Amino acid sequence: MSEFWLISAPSDKENLQALERMNTVTSKSNLSYNTKFSIPDFKVGTLDSLVGLSDELGKLDTFAESLIKRMAQSVVEVMEDSKGKVPENLLANGGLKEKLKCLKIDLTSFVTHFEWDMAKYPAKQPLVSVVDTLAKQLAQIETDLKSRTAAYNTLKTNLENLEKKSMGNLFTRTLSDIVSKEDFVLDSEYLVTLLVIVPKPSYAQWQKTYESLSDMVVPRSTKLIAEDNEGGLFTVTLFRKVIDDFKTKAKENKFTVREFYYDEKEIKREREELSRLLSDKKQQYQTSCVALKKGSSTFPDHKVQGPLLRWLKVNFSEAFIAWIHIKALRVFVESVLRYGLPVNFQAVLLQPHKKSSTKRLREVLNSVFRHLDQVAAASVLDVGVCGHPGTAARQPRLLSLRLFPHRPQPARLGAAGPTRPSRPCRLRRRRSFPRLRNPTELRV
């Protein structure tokens, strides 16, 4: 489990020394691993535009988190037979260095070595344009996710319905995969074959009495064709005109007549439908092995992933990368609003070594950066829930951020996982600087 804190402080001499003291103390005490979090210089624009972006980025952040959760859960659902390999498919595409962008990078490494993607999100563009590009990208991914998961859920539901018919006891399950054409008298004007469920303790009684339950029962026409834990399925042939009488007498003797009409075409259609759905599910949505030939050599272990799983892998990576860029934008916007112009701040990513050390780490941050807001006793801006800076926009602040690894739970494909409810954006006044409470939760 990985946890991250993202802090921001002014880059003047005093605060750079404070950052060095923080690094020294956290390193010696083995509290956290600290790295600089690089954020490019953006076109700042007007104060009003920054205030508006602060609110918009908060909403976009929540939307991106929800989308990533749903995609992670979708991967779990699709990989139902290989859930142990889910982490291998929740990766980020490159991002460490230009020459390594073709590599698959685990999410923790991507965050700790984050670099702004200048090609996809040009920093020279106005901030509003960059945010709009991110919003459109995530909206398109969500639209595609809904349509693709809807198709998958429809297929899965139809398959489950057919599979349920072949489960259960002889009273409820389908009989099309049990009976055969030879078990019935077909195309007769006078005779008909019925299927009767007989409790196991009553087998002997059935053999002795079935011919006398009604007139016109064909002698020695019964045959056991299937069994379960409760009883057996027997055939019996009789004249059509005594069907009702036979059913009544059978019920009195605790024998149950299953309503079943043998239709060879319908049975064949049902079997083909089940086979088709199983094949579609495997080919379209799951991983399968194929044999590749190269000259005279064969590679039977080559695995091919279905279109949905491939799409989820690619777009989960895209959504996650966009999400971290949104976090970087939020740090930039909130830092400018609180530290003022010219832009001069340093963002640092902290990774606590142990969960038990987080309390001590907070105390170190409180001590090292207490000087930032001596008058107001230092407020803390929660990056995850705050937006409008209000009248305190020019006061120095420390921004906080946490990332928690996501452990996706099996759920209905495409269903939104539990998300943090949105709350009004506001500043929280603390008695001492910064407490780092209620930071943003990023589930990786």
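**A colleague's note on the predicted model**

1. Let us start at the surface: aspartate 187 is exposed, with a relative accessible area of 83%. Here exposed means over 50% relative accessible area, buried means under 20%, and partly exposed is in between (1.4 Å probe, protein chains only). Aspartate 187 sits in the loop between α5 and β5. Its phi is near 55°, a positive value in a residue other than glycine. Most residues other than glycine have a negative phi, and most peptide bonds are trans.

2. A word on the ground rules. This is a predicted model, in which local features need pLDDT of at least 70 and side-chain atom pairs count only at pLDDT 80 or more, while totals for chains, interfaces and linings use all residues. Residues are numbered from 1 along each chain as its sequence is written, and side-chain values use heavy atoms, with hydrogens and water left out.

3. Now the overall picture. The protein chain has 10 helices and 15 strands. Helices (H or I, at least four residues) and strands (E, at least two) are DSSP runs, numbered from the N terminus. Of the 444 residues in the protein chain, 48% are buried. Among contacts with a separation of 6 or more, 78% are between residues 24 or more positions apart; contact means heavy atoms within 4.5 Å.

4. Two other backbone details deserve a look. Lysine 254 has a phi near 65°, again positive in a residue other than glycine. Lysine 254 lies in the loop between α7 (243-252) and β8, and it counts as exposed at 66% relative accessibility. The peptide bond from leucine 341 to proline 342 is cis, with omega near -5°. You will find proline 342 in the loop between α9 and β11.

5. How do α5 and α9 pack? Helix α5 (residues 127-165) and helix α9 (residues 307-339) have axes 10 Å apart and an angle of about 150°. That makes α5 roughly antiparallel to α9. Axes are lines fitted to C-alpha atoms, for helices over the stretch in contact, and angles run from 0 to 180 degrees between N-to-C directions. Angles under 35 degrees count as roughly parallel, over 145 as roughly antiparallel, 65 to 115 as roughly perpendicular and the rest as oblique. The contact of α5 with α9 has 17 nonpolar, 3 polar and 3 charged residues. For these classes, Ala, Val, Leu, Ile, Met, Phe, Trp, Tyr, Cys and Pro count as nonpolar, Asp, Glu, Lys and Arg as charged, and the others, Gly among them, as polar.

6. Helices α1 and α10 make another pair. Their axes come within 10 Å and cross at roughly 155°. That makes α1 roughly antiparallel to α10. Ala18, Arg21, Met22, Val25 and Thr26 in α1 meet Leu361, Val364, Leu365 and Val368 in α10. By class, this contact of α1 with α10 divides into 7 nonpolar, 1 polar and 1 charged.

7. What covers the buried residues of α10? The cover includes β1 (4-10), α1, β2 (32-36) and β11 (345-352). In helix α10 (residues 358-368), the buried residues include Leu361, Val364, Leu365 and Val368. Over in helix α1 (residues 13-28) you can find asparagine 15, which is buried with a relative accessible area of 3%. Leaving aside neighbours within four places in sequence, asparagine 15 is in contact with Pro10, Phe369, His371 and Leu372.

8. Next, a sheet. Its 4 strands form an open sheet in the order β6-β7-β5-β8, with antiparallel pairing. β6 (223-227) and β8 (256-258) stand at the edges, each with a single partner strand, so one side of each is left without a neighbour in the sheet. Two strands pair if DSSP finds at least two bridges between them. Strands of a sheet pair through backbone hydrogen bonds, either parallel or antiparallel.

9. Follow the strand pairs one by one. β6 and strand β7 (residues 231-239) pair over 4 bridges, and lysine 223 has threonine 235 in β7 as its bridge partner. β5 and β7 are joined by 9 bridges, with leucine 194 opposite valine 236 in β7. β5 and β8 pair over 3 bridges. In strand β5 (residues 191-199), 7 of the 9 residues are buried, so β5 is largely enclosed by the rest of the structure.

10. Finally, look at isoleucine 225 in strand β6. Isoleucine 225 and threonine 235 are 10 residues apart in sequence and 7.5 Å apart in space, C-alpha to C-alpha. The contacts of isoleucine 225, leaving aside neighbours within four places in sequence, include Ile178, Leu195 and Thr235.
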